Amino acid sequence: MAIRKSSKLPQTAVLKQILKRCSSLGKRQGYDEEGLPVDVPKGHFPVYVGEKRSRFIVPISFLTHPEFQSLLQRAEEEFGFDHDMGLTIPCEEVVFRSLTSMLR
């Protein structure tokens, strides 16, 4: 399953909007002047997985993989993207680790 494309915006712009909406970014401790987390390398983004909401830093390139897009669609259906918790992936941590190890 793919991320739904807006008819007005290219896919990269849509992905940037998703990352901004689902990240709990702002000017606070641990964030730079643009509101980006200082512990997240360029080209990566944080996600929260499992019951304990373990934080993982994943490369943006994962967004192009159909398996990861499927997780994003499930996240949107379950949690939506308009909240302050950051991008939360609805799957078990062990499943997420297994999937991301195959995508690297």
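Let me start with a term: by contact I mean heavy atoms within 4.5 Å. Hello everyone, and thanks for coming. What we have here is a predicted model, where local features need pLDDT of at least 70, side-chain atom pairs count only at pLDDT 80 or more, and totals for chains, interfaces and linings use all residues. Residues are numbered from 1 along each chain as its sequence is written, and side-chain values use heavy atoms, with hydrogens and water left out.

Let's begin with the overall layout. The protein has 3 helices and 3 strands, and from the N terminus on they come in the order α-β-β-α-β-α. Both kinds of element are DSSP runs, numbered from the N terminus: helices are H or I with at least four residues, strands are E with at least two. Among the contacts with a separation of 6 or more, 46% link residues 24 or more positions apart. The accessible surface is about 6,900 Å², and carbon and sulfur atoms own 53% of that; such areas come from the Shrake-Rupley method with a 1.4 Å probe, and for residues only the protein chains shown count as cover. Of the 104 residues, 38% are buried. Buried here means under 20% relative accessible area, exposed means over 50%, and partly exposed is in between, with a 1.4 Å probe and protein chains only.

Now to the sheet. In what order do its 3 strands sit? The order is 2-1-3, in an open sheet with mixed pairing. Two strands pair, by the way, if DSSP finds at least two bridges between them. Strand 2 (54-59) and strand 3 (88-89) are the edges, each pairing on one side only. Strand 1 and strand 2 run antiparallel, joined by 6 bridges. Along that pairing, Pro46 faces Ile57 and Val49 faces Ser54. Strand 1 is largely enclosed by the rest of the structure, because 5 of its 6 residues are buried.

Have a look at the hairpin of strand 1 and strand 2 too. There are 4 residues between the strands, and Gly50 takes a positive phi near 80°. Arg53 is in the loop between these strands as well. Arg53 has a positive phi of about 55° although it is not a glycine. As background, most residues other than glycine have a negative phi. Arg53 is partly exposed, at 32% relative accessible area.

Take Phe68: leaving aside neighbours within four places in sequence, Phe68 is in contact with Phe45, Val47, Val58, Phe62, Leu63, Phe96 and Leu103.

That brings us to helix 3. Helix 3 (residues 93-103) lies across strand 1, strand 2 and strand 3, at about 15° to strand 2; axes are lines fitted to C-alpha atoms, for helices over the stretch in contact, and angles run from 0 to 180 degrees between N-to-C directions. Its buried residues are Phe96, Leu99, Thr100 and Leu103. Seen down the helix axis, they fall within an arc of 95°, so they line one face of helix 3; the arc is that of the directions from the helix axis to the C-beta atoms. They pack against strand 1, strand 2, helix 2 and strand 3. On the face turned away from them, Val94, Ser101 and Met102 are exposed.

One last stop: Gly86, in the loop between helix 2 and strand 3. Gly86 is buried, with a relative accessible area of 2%. Gly86 and Val47 are 39 residues apart in sequence, with 6.8 Å from C-alpha to C-alpha.
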